[in-house]
Amino acid sequence: MSSPDHLTPSELGTKEYWNTLYTRELTNHTSNPADIGTIWFDDSDAETKMIQFLNTLPLPQDTTFLDLGCGNGSILLSLREDFPGRALGVDYSPQSIALAKQVASSKDLEDIEFREWDIIGGSYDAVLTDAQKDGWDVVLDKGTFDAISLSEQKEQGRRLCELYPRRVVPLVKKGGVFLVTSCNWTEEELTNWFTGEDAGGAFVVEGRVEYRTFSFGGVKGQTISTLCFRRV
């Protein structure tokens, strides 16, 4: 199973873009605590649907969560009502982490952890510690793989999106799940990325989130895709 064709790089794949965005959103939140910044895929209600899907899985209340590319931390904050277990959000933008911590504090949810970490180049020691040394029960990605797929940066002669699936594997506990939402990749393409050679055969498809569909030219589709993979 081969990887899909690459996306054309854009500024959304650069750290500078996200640092600038979260600097602005941090300033806005300081001025107006009700403004927590952008909630990605809010127009498709993706966050709510992801949480609803997670509630259909046989997850205990003490389930642990790792959010990759946490942004303002909104999905972990929303999950708190149903899952009081350990939750960590990571992002390579220090401004994102500052914003997430500030938003969590404004909502009296300071028990949620946020940490600056680069999923491609960061040491696993920062996120696989203590009780999580064997991985997390649930790992989340809401748009992060999209952003990485838009980077033109290469390591070891490969685009970063090619390295991402295998980097995710150790983060997910065996038997745990990886829930990823994308507006750039179809369900078929996500399946190719995360069940093929790039992830070393570590994942199988566990389920999907349904969104409102549209038809064009006789073809039925949806604007975003959310797939759940279980680590075998």
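The structure is a predicted model, in which local features need pLDDT of at least 70 and side-chain atom pairs count only at pLDDT 80 or more, while totals for chains, interfaces and linings use all residues. Residues are numbered from 1 along each chain as its sequence is written, and side-chain values use heavy atoms, with hydrogens and water left out. Seven strands form an open sheet of mixed pairing, and a search of the whole structure finds ten salt bridges.

**Sheet**

- The strands of the open sheet follow the order E3-E2-E1-E4-E7-E11-E8; strands (E, at least two residues) and helices (H or I, at least four) are DSSP runs numbered from the N terminus, and two strands pair if DSSP finds at least two bridges between them.
- Strand E3 (113–116) and strand E8 (203–209) stand at the edges with a single partner strand each, so one side of each has no neighbour in the sheet.
- From one strand to the next, the twist averages 20 degrees.
- E2 and E3 pair in the parallel sense over four bridges, and Leu88 stands opposite Glu113 in E3.

**Helices**

- Helix H4 (residues 94–106) lies across E2 and E3 and runs at about 165 degrees to E3, where axes are lines fitted to C-alpha atoms, for helices over the stretch in contact, and angles run from 0 to 180 degrees between N-to-C directions.
- Helix H7 (residues 187–195) lies across strand E7 (172–182), E8 and strand E11 (225–231), running at about 25 degrees to E11.
- Helix H6 (residues 160–168) is mostly covered, with eight of its nine residues buried, among them Glu162, Tyr164 and Arg167; buried means under 20% relative accessible area, exposed over 50%, and partly exposed in between (1.4 Å probe, protein chains only).

**Val90 in strand E2**

- Val90 belongs to strand E2 (residues 87–91) and is buried, its relative accessible area being 2%.
- Leaving aside residues up to four places away in sequence, Val90 touches Leu66, Asp67, Leu68, Gly69, Cys70, Ile97, Arg115, Trp117 and Val127, a contact being heavy atoms within 4.5 Å.
- The C-alpha atoms of Val90 and Leu68 are separated by 5.5 Å, although the two residues are 22 residues apart along the chain.

**Salt bridges**

- A salt bridge is counted where a side-chain nitrogen of Lys or Arg lies within 4 Å of a carboxyl oxygen of Asp or Glu, and Arg86, Glu113 and Arg115 are linked in a network of such bridges.
- Arg86 lies in the loop between helix H3 (74–79) and E2 and Glu113 in strand E3, so the pair ties together parts that are 27 residues apart in sequence.
- Glu113 also forms a salt bridge with Arg115, the closest N and O atoms being 3.5 Å apart.
- Arg86 is partly exposed at a relative accessible area of 23%, as are Glu113 at 25% and Arg115 at 27%.
- Glu210 forms a salt bridge with Arg208, with the closest N and O atoms 3.2 Å apart; Glu210 counts as exposed at 57% relative accessibility, whereas Arg208 counts as partly exposed at 35%.

**Record annotation**

- UniProt, in an unreviewed entry, lists residues 62–193 for "domain: Methyltransferase"; positions are given in the numbering used here, feature names are shortened, and annotations may be inferred rather than shown by experiment.
- Over residues 62–193 the chain is 31% helix and 27% strand, and the end C-alpha atoms are 30 Å apart.
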